[in-house]
Amino acid sequence: MIANSQVRALPVTANGRHYQLHVGLPDSYGKDPSRRYPVVYVTDAYWDFAKIKLIGGALAYDRVAPEFITVGLGYAGENLNYGDLRRWELAPAPFGDNGENSGHAADFLRELKTRIVPLVDAEYRTDRSYRVLAGSSLGGTFALYTMLSDPDLFQAYVAATPDVTLGNDWLFRYEEKFAASGAGLKGRLFMTVGGNEQPAYLSGIIRFNQRLASRRYPGLDYQFRIVEGERHSGGVFEAYTRGLGHALLPRAPESGPAPGP
């Protein structure tokens, strides 16, 4: 059990997807009924909801981020194959398996924008002006895809070790079209990769970092970090800790050296 948390299964969608939300409320939520909170949405709730909830408590204790509502995006049901489910949802382009079981990120983004975010805003005291989207691996890919597809839906993104080369560099081509359109990016992005990732995977993320850095999108506050010594999953805690600190900096109660222990 995670304190101040709820699990909410949503109605099955028209295309048969059965989503489940893991909602984590700040410790102060029940004490100050007039207060509103930023929301951090995180993919792969079955793995990463607990991480974000714990990290959020530490950041709030240090006063380097505000308290926030955590919404984990997952699936309802028992004995689920999360690998198959997430490939369908989080990949913006087909890859592997002849592409039959992936590449539906556009549908998931539409569901997130039209049903999930409005539900959370209607039923919880959210600060509707500040939302963060976080994810790791394919979840990080989905965060980057969302940033380029609907730049106004979220104000900040954390993309931990995203798969940027799936679909033969599909995301590179998508970003190139976005840049060519003249559309701007605004908000905050923190992207990471483990220093001991598989070499081709590591080089792909480094190339995508170089691409984003070269664009110099004037409204985007972008940071990139290599988590030295880590492989694919080992650096996720550091990515989320530093990434959420960067994402929520505009709402941070304090910054700089701590005034005391």
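Trainee: Which residues in α4 are buried?
Mentor: This is a predicted model. In α4, the buried residues are L138, G139, G140, T141, F142, A143, L144, Y145, T146, M147 and L148.

Trainee: How many is that out of the helix, and what follows from it?
Mentor: Eleven of the twelve residues of α4 are buried, so the helix is largely enclosed by the rest of the structure.

Trainee: What should α4 span at 1.5 Å a residue?
Mentor: The twelve residues of α4, 138–149, should span 16 Å. The end C-alpha atoms are 16 Å apart, which agrees.

Trainee: OK, the sheet. What's the strand order?
Mentor: The order is β1-β2-β4-β3-β5-β6-β7-β8. That is eight strands in an open sheet, with mixed pairing.

Trainee: Which strands stand at the edges?
Mentor: β1 (5–9) and β8 (219–227). Each has a single partner strand, so one side of each is left without a neighbour in the sheet.

Trainee: And how far are neighbouring strands turned against each other on average?
Mentor: By 15°, direction ignored.

Trainee: How do β3 and β5 run, parallel or antiparallel?
Mentor: Parallel, with five bridges joining β3 (residues 37–42) to β5 (residues 126–136).

Trainee: Which strands does α1 touch?
Mentor: Helix α1 (residues 45–61) packs on the sheet and touches β1, β2, β3, β4 and β5. Its direction makes about 170° with that of β4.

Trainee: What about α2?
Mentor: Helix α2 (residues 82–90) also packs on the sheet, touching β2, β4 and β5. The angle between the directions of α2 and β4 is about 105°.

Note on methods. Residues numbered from 1 in each chain as written. Predicted model: local features only at pLDDT ≥ 70, side-chain atom pairs only at ≥ 80, totals over all residues. Heavy atoms only, no water. Pairing = 2+ DSSP bridges. Helix = DSSP H or I, 4+ residues; strand = E, 2+ residues; numbered from the N terminus. Axes fitted to C-alpha atoms, helices over the stretch in contact; angles between N-to-C directions. Contact = heavy atoms within 4.5 Å. Expected span 1.5 Å × (residues − 1). Buried < 20%, exposed > 50% of the residue type's maximum accessible area, 1.4 Å probe, protein only.
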